[in-house]
Every structure is written in C-alpha cells, then in structure tokens.
Amino acid sequence: MNASEAPAPLFHFRGARLGHGRETVFPALDLTVRRGETVALLGPSGSGKSTLLAALRRQRETLCAWCPQEQALVPMLSVFHNIYMGGLHRFGTWRNLRALVHPTAAQRDSVAAVAESLGLAEKLFTSVDRLSGGQAQRTALGRALFTERPVLLADEPVSNLDEHQGLALLRDTLRRHDSAVVAMHDRALALACFERVIGLRHGETVLDAPSASLTLDDLDRLYLP
Amino acid sequence: MNRPAPTFTTTAAGWRRASGWLGLAGLIAFACADLEVTRGDPGEEMMRVGLGLLRPDFLATEGLGRALANTLAFAFQGVALGAAAGFLLALFWHRRAVRAGAASVRAVHELFWGLLLMQVTGLSTLTGVLAIALPYAGIFAKVFGEFLEEADPAPAVALPDDRRRLGRFFYARLPLIWASCKAYTGYRLECALRASAILGFIGLPTLGFHLETAFREGHYGEGAALLYLLFLLVLTLRFWLRPLLLPVYLLAALSWAPPVWTGSLQTLVRFVTEDLVPAPLKNDGGVAELWVWLGTLWSEQIGPGVWHTLVLGLAALLLTALLALVLFPLRSPLFGNRVSRGLGHFILVVLRTTPEFFLAFFFLIMLGPSMLPGILALGLHTGAIIAHLTARFSEGLTLRDDSPRGLNRYAFEVLPRLYPNFLAFLLYRWEIIMRETAVLGILGIHTLGFYIDSSVAEFRFDRTLVLILATVGLNLGVDAFSRWLRGRLRLSTRGQPVE
C-alpha cells in the first residue's frame, strides 16, 4: 500500500521501550494505529494492556477520551457530576464551579442525554457510592463519552456488565468515536465489535490481524500457559 | 424553560447541608462579634512588630538560659507525670466514671489549672508541672484508652483464659498500641513545650514570662528572639528526642527544677474548705442566698462570658474552615509547583508552631482589645493545623491520568474526596478552639477567662471555681454536639492524628 493513500497514523511506535520508571514492560514495541480503526487489545493480565493504553494517551492527549480500569470516580458526587467531569476542559472554570453547586437546565439536559443512553437516567442525581458495580462502570464510560473527543481509549469498560448490555453499550460507544483502542477480556465481544485485534503477551505483540480473519480459538491461544 | 432544581441524593449533599448550617452559625457569630480595631494607628504598630521580628535580639533578655531550662523542665516533668497517670486511667477506660473524670480535667485549660494551683503551691515548679500534668492526664487517658479500644482483641482472646490479666495485658495488648503511644507522647511533648511557655503569662518563670514583658514594653526585637527560641525547641524536637535519652532528660529536668511542695497543708485545706466555698455558704447564708449569689454571677459574668466565648469560638471556627480550605492546596502535592509548596509548607509550619495564645497576644498589641485578635489568632493557628492534616491526607489520593488541573481539579476531584476528613478534623478541633477561646480572656478579651482572671485578681476564688466549672460545661457541651454531628455524618479520622 502506498503511504500517501493510507490515512495518517494516529499512534505510532517503532522500537519503543515502554514501562513504569525502571521496570520495562515493552522492550521494543512496533505498532501503528490509523485514524478510523477500532482495535481490541487482548492478552492475559500483566501482558501490558494498561501500559500500552497509557502510552497511547500520552501520544495524543488532546484527541483521546479516556476510560481507565480503576474507574477513578468521585464516589460522594452524583452520576451527573461524575459524567460532567469528563467535559470540564470544554467549559470555563466559573461555569464548571457553578455546575457543581447549581447546574443549569441546559447542563442537566446534555448530561442526562449521555446518562440515558447508558441506562442511568434514574440515578442521575444519586451519588456513585450508592450505585452497583455495573452502574458505576457505566458512569465511568459516561464520563469518557462526555469528553467528546474522537478517539476512545478504554480499559475493560464493560467488564462488570452482562453480555447483552455489554455488547449494546460497546457498539453504541464505538459508534460515537471515529477511532478506538480498547483493552478487553471478553474474546467474543472483541471479535463482534472491533475491526482489528492485537494480542499481547509478556510485552510483545504476538497477534495483530483483522478480526474478520480470526476465530475464538485463535484468541484462546493467547491465554495458554 | 424553568424546571424545578433536581434533588441530589448524594453523600456530598449531607456534608454540604451540615457545612451550610455551621457556616450560617459562623456568619451570625461574626455579625454579633465585636470586631473593632481600637488601636489608633495599627499600621505603625504592625511595622514596629514586623521590624522586631526581622531583627531579633537574643542578648537582651536577662536570665534567658534559666527561662529556657524552666520551659523544658516543666514540659518534661508535666508530660511524664501526665502520661503515667493517663496510662493508668486508660486501663479503666471502660468505666464511665473514668471517662467523665478525664473529660473534666482536660476541659480545664493549663492556664486555668495554673491560676488555681498557684493559690496553694505559689509560683513554683510544682505549679507549672501540675498545670500541665493534670489536663494532659485526661488527654492521655482518652487517647491511650481509645488506642486500647481499637486494638485488635484477637491476640488477647486467643490466650488461655486464666486470672493473670496483667500478664495477658503486657503480652497481648500493650505491644499492639506501644508504637502509637510512643508517637503520641512525642507529639504531646511538643504541645507541652508550648503550654509551658504560655504559663509564663500568669507569672511562672518560663519563656512566655519574658516574651510578654518584652512585647508589652515594646521591645519587639527581644520578644521576637524569645519566640524564635520556642520555634527552635519545638522544631528540633524530633532530632534530639530519643527514647534512650529520655531518662537523662527527665533526670536533668528533675534536678534543675525539683517539683517540691513548698506550701503548707494548712494553705491547701483553707483554700479548699474556705476560699473555694461560695461566699453565702461560708457566711452561713441559706440556700436562698446561694441562689441569689449564683443568679448575680450568672447575669453579670457567666452569661456574658459564655455568650462571648461561643460567639468568638464560632466565628473562629468559620475562619478556620475557610483558611484551611484555601491553605491546604499550598502544600498538597496535587497542586502548584515545588516553590509554591515550599512556601506553603513554611507558612503552615510557622502558624502551627506559634501558640494561638501568642498569636492573639501579638494581634492584641497591634489591633487593640476586641474579639478580632482572638478570632484571627485561633483561625490562623487552627486553620494551618487543619490545612496541614488535610494536605497530608491528599497525598494518599490518586487521580486518573486525564484529571483536570487547577481550580477544576480542586473543586471536582480533590475537595469532594477529602471533605469528610476535613470536616472531621474541623469538628474535632472545635472543642480545642473553645478551650482556647475561654483562655484568651486572660489577655483581656471578654470571654470566660476574662472573668476567671479577674476573680483570681480579686481573691474571689469561689467565683473562680464556678466560672471554671462553666467553661467545663461549655466544653463538654460543644464536644458532645460535635460528636453527635460526626456520628450523624458518619465521619471518622480513625488512625489519623487530630490533636
């Protein structure tokens, strides 16, 4: 393929060393993700999914909506405020502070629309510490959606939801972003929702293929001891 | 489009409501408080104090070494005695009478104990030591008692049941709390150094005595030097306070200033059986006369004293809260840069280390007598303490990688997460604010301490006793309310230092 025909690379690593401080997770990573792709990251725990996601985010901070695994919600605040938090950068500080004390009708509507699509409309003004694990996870996803950035980076965003709900939410979320890299553990869901699958093991990409060419058995091999 | 505002059923909403009511009470207190600057030219006096602080004169005070040694000696002996007594009391912490007794002795400020004891033991080492040891015994009893309550009971339960309870205590209970007790005693020694210095204000020969004289006479450079010496003592404490050296320090303290009883038993008996007895009873008046006496005392002294103490305390609580919220980001790793954090740390250390009583005294000199110096002093000192504790707590927060910065981070991510701790710190400190508010009266601010000090000056110790009992009642009341509120809001600072 001619380089000028392909869309510009969104993320690009060539022989990159990734890790935390002195600890190396990826000794030499080669990876390119282009604008418009949806990528599922698979691999056993400790294979480097979260490290890779963090590195991707650092490359394109202003383009990325971020949904980390440790949801990092503010438990004593309402679903409304936790979702609104994703959009803090879009508004002025005084407007944000006002929303904390007394949100306007317009602010309530825009957040309510996100909450509704996640099935959280009923809980909009309830604090997160009073929600179930699945509801909290959907709130974290809502916060990422409300960032309104084109590239989704998410770490197991639907792991606490049942299959059907997970599938529906994931499809809906992907539709709202033009590109995505999402760490997954549900292999079937990964094949069903993403165009490309990258398999990681011990800090190496051992699999990188279009999901249409893969079967569940191919993916299972990633997890064999 | 005007829709009704939504009702938030959030955990934060409960804290917000409680804070709203406390804030309202604080605002009302500010409205009622006498905030007048009575000094003609406060700016000029402030300049002179500021110049003094910049040019400390360490050679001006005669007998400086003696005052320094006394300050240390009183503090060491007071803490040793208080810790020992408190430890014994803590063993019986499950008894209601012990808890009530401990609460009462610690509700009386060191300075009030000093004023009372002085009538029997004079201006002696014993007075200084006991003035510290008595309230500290109550504080130690509470803290050690709570350590014991919260310690894991499993090791003691696992031992075979026999009657040798003492052995079980030393093997299965004490080791669990030993480290906490040691750390807390070290912290208390720091407080005792400040208390010992403050006792100089009622005439005991410690740093505070010279400091008061120097500032009152306008020798600000000399006063500043004394203040810096106190800083030096407190801030270097952790370098020279070593467990192995403790016996040496204690022996040195005892030999420098032996706490010998110099008064006569007669004085003690007369003081308790005559001086402290209400005048009408002493003069063989009946109960009716006693009521009249109490009524007059209430309307002339206790009533106004309690009111002023409450007003000043509540206003100081509001200022404390606001200052703590503004100051804690200054030293929290989540905000600012290395320079701003260094500066914040410095400001907080200075404000925390200067006793609120000294701060009030300085403001009083600069602004003249009103409630303003007291409110400023208590607010700054306690605000710095709570800011420090809150900032320390914020070190444990981990924010997500894309968390906002600046004011957005403060309001959305940080404040909600540490608000329960902040509120708990504040409510715990309220009792201490009230204790200190009462004692500021000795400086001439019309809180309960003012009437206590005047009654001592007039040798009307029967009044002194009733007034001190009133401060105890007020403290216990505020403490009970604060405990109720903390329970209602489910706030706890378990495992974190608050005093």
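This is a predicted model: local features need pLDDT of at least 70, side-chain atom pairs count only at pLDDT 80 or more; totals for chains, interfaces and linings use all residues.

Guide: Start with burial: a residue is buried if 20 or more other C-beta atoms lie within 10 Å of its own, exposed if 12 or fewer, and partly exposed in between, with C-beta atoms placed from the backbone.

Residues are numbered from 1 along each chain as its sequence is written, and chains are lettered from A and ligands numbered from 1 in the order in which they are written.

The helix to look at is α5 of chain B, residues 110–121. Eleven of its twelve residues are buried, so the rest of the structure largely encloses this helix.

After α5(B) comes Gly122(B), with a positive phi near 70°.

Now the chain around this helix. Chain B has 20 helices and zero strands. Its radius of gyration is 24 Å, close to the 23 Å from the globule rule for 499 residues, so chain B is as compact as a globular protein of that length. That radius is taken over C-alpha atoms, and the rule is 2.2 Å times the number of residues to the power 0.38. Along its principal axes, the C-alpha trace of chain B spans about 80 × 75 × 55 Å. Of its 499 residues, 46% count as buried. Among contacts in chain B with a separation of 6 or more, 78% link residues 24 or more positions apart.

Next, the domains. Chain B is assigned domain 1 (18–55 + 276–499) and domain 2 (58–266). These bounds come from an automatic or database domain assignment. The C-alpha centres of the two domains lie 22 Å apart. In all, 27 residues of domain 1 of chain B are in contact with 25 residues of domain 2 of chain B. On the domain 1 side, α2 (42–54), α16 (356–367), α18, α19 and α20 of chain B each give two or more residues. α20(B) gives the most to that side, with seven residues. By class, the domain 1 side has 18 nonpolar, five polar and four charged residues. Nonpolar covers Ala, Val, Leu, Ile, Met, Phe, Trp, Tyr, Cys and Pro; charged covers Asp, Glu, Lys and Arg; the others, Gly among them, are polar.

Helix α16 of chain B also holds Phe358(B). With 25 C-beta neighbours inside 10 Å, Phe358(B) counts as buried. Glu212(B) is 146 residues away from Phe358(B) in sequence, yet their C-alpha atoms are 8.8 Å apart in space.

Then the partner chain. Here 22 residues of chain B are in contact with 24 residues of chain A. On the chain B side, α1 (11–32) and α18 (406–439) each give two or more residues. α18(B) gives the most, with seven. That side divides into eleven nonpolar, five polar and six charged residues.

Last, a look inside chain A. An unreviewed UniProt entry annotates residues 11–224 of chain A as "domain: ABC transporter". UniProt positions are given in the numbering used here, feature names are shortened, and annotations may be inferred rather than shown by experiment. Over that stretch chain A is 37% helix and 25% strand, with end C-alpha atoms 29 Å apart. Strand β3(A), residues 38–42, has four of its five residues buried. Four bridges join β3(A) in parallel to β6(A), residues 179–183; strands pair if DSSP finds at least two bridges between them. Ala40(A) stands opposite Val182(A) in β6(A).

Technical notes:
Two residues are in contact if their C-beta atoms, placed from the backbone, lie within 7 Å.
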